[in-house]
Amino acid sequence: MSISLNIALIIGSLRKASINRKFAEYIVSQMPECVTIKEVYIADLPLYNQDYDDKTIDSYERVRQQLKYADAVLIVTPEHNRTMPAALKNVVDIGSRPYKESVWTHKKVAVVTASPGSFGGINSGLDVRKSMQMLSAQMMIDPEIHLSRATDSLNDDGSVSPRTQKFLQRFVTDFVDFAGNTSA
């Protein structure tokens, strides 16, 4: 790929030892040189409140600018109580406001979920997709990545197992193609 891409990375878990962070770090390590990835830090964001739409909140502006100027957004997230984590929903809402100024409109977005449970965070992924579609984002549909029993996909040292590496490498290739496709 000859064009450079700027990707915003959102990790839906705030936990330092998050398995989703481990998978996100592996995905980032597999990106080609033409791709620059910057994490969107979400832990410091106040809960969205429409009363803030007429105020300047530095952390909101930082996040909105990161998302606005990214060619695509990669979300790697767990599932909390069969939906997306509150911190992730908060950044989705912040990016959608103020009214008619959503940074999500036509933004290319892909979601990866991982969970130690049997369903791999699929409900979280579907809820992210549902919100993004309502906000007119362009969602990457295939491949869907919902890593079930995700702790089994990590080696004892926390690195990603070879079997899962192959699976995620295919995702990286498809995501870079999706993010760089100007006709999509």
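Analyst: Helices (H or I, at least four residues) and strands (E, at least two) are DSSP runs numbered from the N terminus. The model is predicted, so local features need pLDDT of at least 70 and side-chain atom pairs count only at pLDDT 80 or more, while totals for chains, interfaces and linings use all residues. Residues are numbered from 1 along each chain as its sequence is written, and side-chain values use heavy atoms, with hydrogens and water left out.

User: Where is His106 found, and why is His106 called exposed?

Analyst: His106 is found in the loop between H3 and E4. Its relative accessible area is 57%, and exposed means over 50% (buried is under 20%, partly exposed in between; 1.4 Å probe, protein chains only), so His106 counts as exposed. Although His106 is not a glycine, it has a positive phi of about 65°.

User: What makes Arg82 exposed or buried?

Analyst: Arg82, in the loop between E3 and H3, has 58% relative accessibility and therefore counts as exposed. Arg82 is not a glycine either, yet its phi is positive, at about 65°.

User: What makes a set of residues a nonpolar core, and how many residues has the largest one?

Analyst: The set must consist of buried Ala, Val, Leu, Ile, Met, Phe, Trp, Tyr and Cys residues joined through side-chain atoms within 4.5 Å. The largest such core has 31 residues, and Ile27 and Phe171 are among those with the most contacts inside it. Helix H5 (162-180) is one of the elements that each supply at least two residues, and H5 gives the most, with seven.
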